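Student: Could you walk me through this fold? I would like to begin with a sheet and go on from there.

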Amino acid sequence: MSKHDVEVLVVGGGQAGVAMSEHLSSGGVRHVVLERGRIAERWRSERWDSLVANGPAWHDRFPSMEFAEVGPDDFAPKEQVAQYFADYAQKFDAPIRTGVEVTSVRRNPGGPGFTAETSDGTYTARFVVAATGPFQKPVIPPIVPRDAPVHQLHSSSYRNPDQLPEGGVLVVGAGSSGVQIADELRAAGREVYLSVGPHDRPPRSYRDRDFCWWLGVLGRWDAETPPKGAEHVTIAVSGAHGGRTVDFRELAAKGITLVGLTGTYRDGTLGFADDLARTIAEGDAKYLELLDAADAYLERNGLDLPEEPQAREFLPDPACMTEPVRELDLRAAGVTTILWATGFATDYSWLQVGALDESGRPSHRRGVSAEPGVYFVGLPWLSRRGSSFIWGVWHDAKHIADHIGTQRGYLAYRRSRH
Ligand SMILES: Cc1cc2nc3c(=O)[nH]c(=O)nc-3n(C[C@H](O)[C@H](O)[C@H](O)COP(=O)(O)OP(=O)(O)OC[C@H]3O[C@@H](n4cnc5c(N)ncnc54)[C@H](O)[C@@H]3O)c2cc1C
């Protein structure tokens, strides 16, 4: 097998790897990005067919390039998002090798740097950047046995309604993925149940500005730590149908039955928590708080944007909220599929260095890990709320490239006076 030596090895060629490569290239740092699939593979092959970006194209991009065929206020289809990163990488001739999987990274014994075993032989590097994604391994909570008589899949394996067996669907999880998939299934004529947990559902737009703009001017993308207890609270937003606010009462009006958190399974019957009305009320409160903050911002800054009092009007609570379903006999209800939109975990089993804590999670500060020379980029809350999003990762990658540049400076230092 061949042997390669680079100064920086970047593992993963999604948006994080491309951003890393740009900043390293600007600093003249010799590096390679190894990607086991294609550039932005997860956008291509681990998401459903109709997915469009959750943020408008003016926002969900890197600073120096606009989308070629998507209007700034439109939402790029996922294939165009992937193509954007491939084009971006081409723009500066990024040294990305596709189809190469990294299987292990270890510190060199008794010497500097690291050795990586890959499907393309051995790579040695002084620095390693893990850019393998914020959402790597599908997580399905252990509630329904795998061999239960119901089809089960994770949202990362969902493509379109035709892929599912005939019959009703229970979608578990009401973040951006769960609500969009439930809506699509309902529109395709399916009977749909949607299990709703704690969430944030910002207005798609308010007073003529997208919520991405509001989070920006209100400084919320820059929040450095998640509100206490909210590390995993999912944001339910959607760019589908030109971008609409996620509204659970509206989903119910379309015929989706909302249920509380999925808790138990016995003999074909699922049990749901009695928390639906409270969860939705909490989501409403956060929604209204953002409207209040937006109004206050406009007043403070003397900005004149059209008022939008109707944004504060809610549809009446549907029956599924006032008399919630607490148990669902899947067979009797004709539910043949459970679709788990329950999020992802990370898997760093290939990274065999001291950069992980006891539970295998990255141990780092702003991406600079506990193991000198090893970095993480692209993780949720790496430096702030925006870190796992397209625009945020670019800035985090810059910080990491700067850190590597500083370390290179120290290593290159030679004393001039003796
Ligand atoms: C459904 C969904 C919709 C989203 N929509 C948006 C959105 O609209 N806007 C936004 O800003 N963010 C969005 N995100 C969040 C985020 O932007 C994406 O998750 C994005 O894919 C993260 O990019 P990344 O480069 O950090 O990681 P990934 O895209 O996951 O890229 C990591 C890459 O590493 C490769 N890899 C992994 N392990 C190895 C290995 N051992 N060797 C070699 N290569 C390896 C993978 O093949 C992959 O290509 C969305 C996320 C999801 C799940």
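Student: Which strands form the open sheet with parallel pairing, and in what order?

Tutor: Five strands make up that open sheet, in the order S8-S19-S9-S10-S15, and their pairing is parallel. Strands here are DSSP runs of E with at least two residues, helices are runs of H or I with at least four, and both are numbered from the N terminus; two strands pair if DSSP finds at least two bridges between them. The edge strands, which pair on one side only, are S8 (151-154) and S15 (257-259).

Student: Before we go on, what sort of model is this, and what limits apply?

Tutor: This is a predicted model, in which local features need pLDDT of at least 70 and side-chain atom pairs count only at pLDDT 80 or more, while totals for chains, interfaces and linings use all residues. Residues are numbered from 1 along each chain as its sequence is written, and side-chain values use heavy atoms, with hydrogens and water left out.

Student: How do S4 and S5 run, parallel or antiparallel?

Tutor: Strand S4 (residues 102-107) and strand S5 (residues 114-118) run antiparallel and are joined by five bridges, and arginine 106 stands opposite threonine 115 in S5. Their hairpin has six residues between the strands, and in it glycine 110 takes a positive phi near 70 degrees.

Student: Switching to glycine 37, where does it lie?

Tutor: Glycine 37 is in the loop between strand S2 (31-35) and helix H2 (41-45). Apart from neighbours within four places in sequence, glycine 37 is in contact with Thr98 and Gly99, and its C-alpha atom is separated by 4.8 Å from that of glycine 99, 62 residues apart along the chain.

Student: What about domains, which ones does the assignment give?

Tutor: The assignment gives domain 1 (3-136 + 346-412) and domain 2 (140-340), with bounds from an automatic or database domain assignment. Their centres, taken over C-alpha atoms, are separated by 30 Å, and the contact takes 22 residues from domain 1 and 32 residues from domain 2.

Student: Last topic: what volume has the second largest pocket?

Tutor: The volume is about 250 Å³, meaning the space filled by probe spheres set on grid points joined across faces, edges and corners. A pocket is an open set of points on a 1 Å grid over the protein atoms alone where a 1.4 Å probe fits, with protein on both sides within 12 Å along at least five of seven lines, and lining residues have an atom within 4 Å of a point.

Student: Which residues are closest to its centre?

Tutor: Of the 17 lining residues of the second largest pocket, Gln180, Asp183, Ser238, Ala240 and His241 are the closest to its centre. H4 gives the largest share, four residues, and at least three residues come from each of domain 1 and domain 2.

Methods:
Contact means heavy atoms within 4.5 Å.
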